[in-house]
Amino acid sequence: MATLVFVEVSDGKVRKTSLEALAYAHQMGSGVTAIVMGTVSASEFETLGKYGAQKVLHVADARLDHPAIQAYATVLTKAMQDENADVLVLANSSLGTPAAAKVAIKTNASFASNVVELPAPGFVVKRSIYTGKAFSFVELKNQKKVIAIKKNAAEAKEVGGSAQIVAYSVALSDSDFNTKITGTEKATGDILLPEAEIVVSGGRGMKGPEHWGILEELAKTLRAATGCSKPVSDMHWRPHHEHVGQTGVKVAPQLYIAIGISGAIQHLAGVNSSKCIVVINKDADAPFFKAADYGIVGDAFDVIPKLTEAIKAMK
Amino acid sequence: MKILVCISHVPDTTSKINFIDNGTKFDTNGVQFIIGPYDDYALARAIELKEANAGTTVTVLNVGLAETEPTIRKALAIGADDAIRVNAEPTDSLFVATQIAEHAKGYDLVLMGRESIDYNSGVVHAMVGEMLGIPSVSPVMKLDLEGTTVKMQREIEGGKESVEASLPLVAGCQEPIAEWKIPNMRGIMSARTKPLKVVEPKTTEASVKTQKFELPAPKGAVKMISADNVAELVTRLKTEAKVL
């Protein structure tokens with residue numbers, strides 16, 4: 001009996017968080033069948049095998065190039081039946097999580113999102129709750145289970161296998177396309193904030209959108225995504241999808257660098273899953289220092305260029 | 001048009017989270033409860049739609065025990081017409097979605113926040129949509145009505161998406177869909193007499209069971225580095241924290 005893993009692609013490429021979902025399923029110990037939808041670059045299938053899938057179902061339906069959530073749910077439900085899979089694993093995302101919730105209703109499965117660790121005996125999963133301020137341990141009681149994992153729940157790593165690729169199709173009706181996507185605006189070429197290993201965020205201490213160049217230069221040097229505090233997004237200095245915090249994006253990078261952000265509790269809620277936090281602030285009393293691993297009291301416009309140079313020198 | 005706004009009753013975002021009874025129960029001591037911040041956006045948009053479209057009514061629904069009534073009254077003070085409280089503890093997403101679906105039939109628009117800020121599942125809207133067999137969209141940053149078509153903007157990783165769907169519809173909301181509304185004195189006075197119906201929950205078999213809660217391990221003390229010695233930070237990130 002296999003575990004089914006929903007693998008999400010973006011512009012034909014497998015999302016990194018989906019590789020973590022594959023690793024998660026692989027570590028659960030049963031066989032892993034991956035399912036991937038829409039147009040996928042040929043080389044990506046090999047990647048799925050390397051990361052633990054024994055079999056890959058490919059639904060080459062161009063209508064699924066768009067995140068048609070209802071249709072995704074229908075396909076995943078049918079695939080669970082056809083593969084005789086009791087467990088569906090996927091990465092939390094704006095497409096995956098709602099699709100998974102619908103699958104849970106259709107299959108009478110126990111559902112958990114924001115899962116941060118492998119299940120303990122008795123199928124007890126650890127979930128991140130209160131926006132990263134606590135955890136809960138939840139027993140998934142039904143025979144079927146749907147698990148949406150949070151970033152870093154498992155480390156994506158190659159296990160050196162190869163997968164059998166199977167063309168798979170499910171009849172979809174009009175009701176599976178009950179929402180119509182009429183346009184998409186996406187930052188191009190950037191590293192996606194929710195998936196980034198390093199995030200550089202700026203706050204009001206940056207004094208204005210025209211000063212973001214040095215912060216972007218630092219981010220580029222680190223191959224980091226850029227984020228910002230809520231006031232910065234509220235003042236439209238930066239787009240809303242960069243807003244990190246309680247009511248914005250929750251990030252879980254290896255390294256989070258906060259510049260000119262005082263560290264309101266609502267901002268901390270979005271970053272408390274980071275492995276290492278560096279705070280750079282002119283105000284030695286900024287509350288963010290209490291939540292930091294490393295701190296520098298100094299002026300952003302003085303410290304940022306020095307930091308960029310020091311990183312370049314290290315490389 | 002009939003709008004249903006589902007609200008959660010959650011600790012204020014500045015609350016210190018603690019558990020008692022061997023980590024099995026949330027410690028409400030000293031905690032102030034509010035309308036879920038995302039639900040508050042949903043409510044604000046509902047009131048705007050009511051003000052712009054004559055004959056529109058807004059009903060608020062909460063799944064919670066009697067202690068949530070002040071939170072419900074606040075939603076009535078902000079401008080909702082009436083309220084339903086499903087008299088049960090909101091234990092998990094499926095349970096809450098089941099209760100909402102039980103009462104949501106007949107509404108054109110079911111709005112709620114993208115997630116509750118206590119359990120953060122972020123799926124009740126999707127589950128309700130599935131149970132009722134109607135579209136669900138989340139997280140919605142913009143929502144406009146054109147006849148029976150709903151035009152929305154949804155946040156996706158690294159950007160946004162324009163989506164359309166027909167009524168009836170479920171939407172999980174977030175900023176900047178509307179500005180939060182603060183109740184005025186007249187609203188607060190009238191909220192006292194607006195109808196608040198208490199109903200018993202539909203019984204369901206639990207699919208999940210929360211066994212216990214835990215707080216994250218405390219963080220070590222911050223290591224301060226001089227602004228004149230930025231290179232040391234880079235060295236430490238590489239050799240000590242091992243994140244570069």
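This is a predicted model: local features need pLDDT of at least 70, side-chain atom pairs count only at pLDDT 80 or more; totals for chains, interfaces and linings use all residues.
User: What makes Glu130(B) and Lys106(A) a salt bridge?

Analyst: The closest N and O atoms of Glu130(B) and Lys106(A) are 2.9 Å apart. The rule asks for a Lys or Arg side-chain nitrogen within 4 Å of a carboxyl oxygen of Asp or Glu, so the pair qualifies. Across the interface of chain A and chain B, the rule finds eight salt bridges.

User: Why are β9(A) and β14(B) called paired strands?

Analyst: Pairing requires at least two bridges. Strand β9 (residues 134-140) of chain A and strand β14 (residues 208-214) of chain B share six bridges in the antiparallel sense, and therefore they pair. Within this pairing, Phe137(A) stands opposite Lys212(B).

User: What makes strand β13 of chain A mostly covered?

Analyst: Five of the five residues of β13(A), residues 198-202, are buried, and buried means under 20% relative accessible area. Ile198(A), Val200(A) and Gly202(A) point one way, while Val199(A) and Ser201(A) point the other way.

User: How do you know that β13(A) pairs with β15(A) and with β14(A)?

Analyst: β13(A) runs parallel to β15(A) over five bridges and to β14(A) over four bridges. At least two bridges are needed, so both count as pairings. Ser201(A) stands opposite Ala258(A) in β15(A) and opposite Gly227(A) in β14(A).

Notes: Residues are numbered from 1 along each chain as its sequence is written. Chains are lettered from A and ligands numbered from 1 in the order in which they are written. Side-chain values use heavy atoms; hydrogens and water are left out. Buried means under 20% relative accessible area, exposed over 50%, partly exposed in between (1.4 Å probe, protein chains only).
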